[in-house]
Amino acid sequence: MKIPDWRQDQQYLELVKDLLAKPELQRLQSIKQHHYSNRFDHSVRVSYYSYLLGKRWHLNTRALARGGLLHDLFYYDWDSQQMDFRTHAYVHAHIALNNAQKLTQLSPMEADIIVKHMFGATTQVPRYWESLIVSLVDDKCAVQEALSPKILLWKQKLQFK
Ligand SMILES: [Fe+2]
Ligand SMILES: [Fe+2]
């Protein structure tokens, strides 16, 4: 699906503008994520894609937008940590939940979205469809972000054929 610009989507912005304005969210701009992205852009991408899918499937768009935005609200750089992937998967989801609870009142669904977003790497099974969607969208975005220079190169090569 063609993704519109989230900055132009007033319905979406209504749900997240209070969170976007917080320094705790803005701070994520300075943290690298998946090699070629930063944690703020990644979080907004996961939030907005999940929101759009929720709209299409008549799910809880507010929980998808907010939970998606807060799912990686942690500040350490995994690359510099002596932590294996499974430990990181479990630990950062719980740190994100804890940080998000300090920022805003979370619904049970929003809390589940955040803490279960690493389902697959952890055994914490999502309780809601919304949690599963954020987890899958997160995987898709992570792969896209990690491969982004290569994808650009492939597209350029295809154009010149
Ligand atoms: Fe994460
Ligand atoms: Fe993520």
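The largest nonpolar core of this predicted model has 27 residues. A nonpolar core is a set of buried Ala, Val, Leu, Ile, Met, Phe, Trp, Tyr and Cys residues joined through side-chain atoms within 4.5 Å. Buried means under 20% relative accessible area, exposed means over 50%, and partly exposed lies in between (1.4 Å probe, protein chains only). The residues with the most contacts inside this core are Tyr-12, Leu-20, Leu-70 and Leu-73. Helices H1 (10-20), H3, H4, H5 (85-103) and H6 each give two or more residues to it. H1 gives the most, with six residues. Helices here are DSSP runs (H or I, at least four residues), numbered from the N terminus. A second, separate core has eleven residues, including Tyr-49, Ala-63, Val-134 and Cys-141.

Residues are numbered from 1 along each chain as its sequence is written, while chains are lettered from A and ligands numbered from 1 in the order in which they are written. Because the model is predicted, local features need pLDDT of at least 70, side-chain atom pairs count only at pLDDT 80 or more, and totals for chains, interfaces and linings use all residues; side-chain values use heavy atoms, with hydrogens and water left out.

Back to Leu-73. Setting aside residues up to four places away in sequence, Leu-73 touches Glu-24, Leu-25, Leu-28, Ile-95, Ala-96, Asn-99, Ala-100 and Leu-103. Contact means heavy atoms within 4.5 Å.

Now take helix H3, residues 39-56. The expected span is 1.5 Å times one less than the number of residues. Of those 18 residues, 14 are buried, so H3 is largely enclosed by the rest of the structure. Asn-38 caps its N-terminal end, with a side-chain oxygen 2.9 Å from the backbone nitrogen of Phe-40. Just after H3, His-58 takes a positive phi of about 55°.

Next, the metal site. Which residues coordinate the iron ion (ligand 1)? They are Asp-72 (OD), His-92 (NE2) and His-117 (NE2), at 2.1 to 2.2 Å. Donors are N, O and S atoms within 2.8 Å of the metal (3.2 Å for Na, K and Ca); water is not among the atoms, so sites may look incomplete. Asp-72 also coordinates the iron ion (ligand 2), and the two ions are 3.5 Å apart. His-92 sits in helix H5 and His-117 in the loop between H6 and H7, 25 residues apart, so this pair links distant parts of the chain. Both histidines are buried: His-92 has 2% relative accessibility, and His-117 has a relative accessible area of 1%.

A polar contact of 3.0 Å joins its side chain to that of His-92. The His-117 side chain also reaches the backbone oxygen of His-71 at 3.4 Å. A polar contact is a pair of N or O atoms within 3.5 Å; within protein, one must be able to donate a hydrogen and the other to accept it, and residues adjacent in sequence count only if both atoms are side-chain atoms.

The structure holds five salt bridges. Each is a side-chain nitrogen of Lys or Arg within 4 Å of a carboxyl oxygen of Asp or Glu. Glu-110 pairs with Arg-66 at 2.8 Å. Glu-110 lies in H6 (residues 108-115) and Arg-66 in H4 (residues 61-70), so the pair ties together parts 44 residues apart in sequence. Both are buried.
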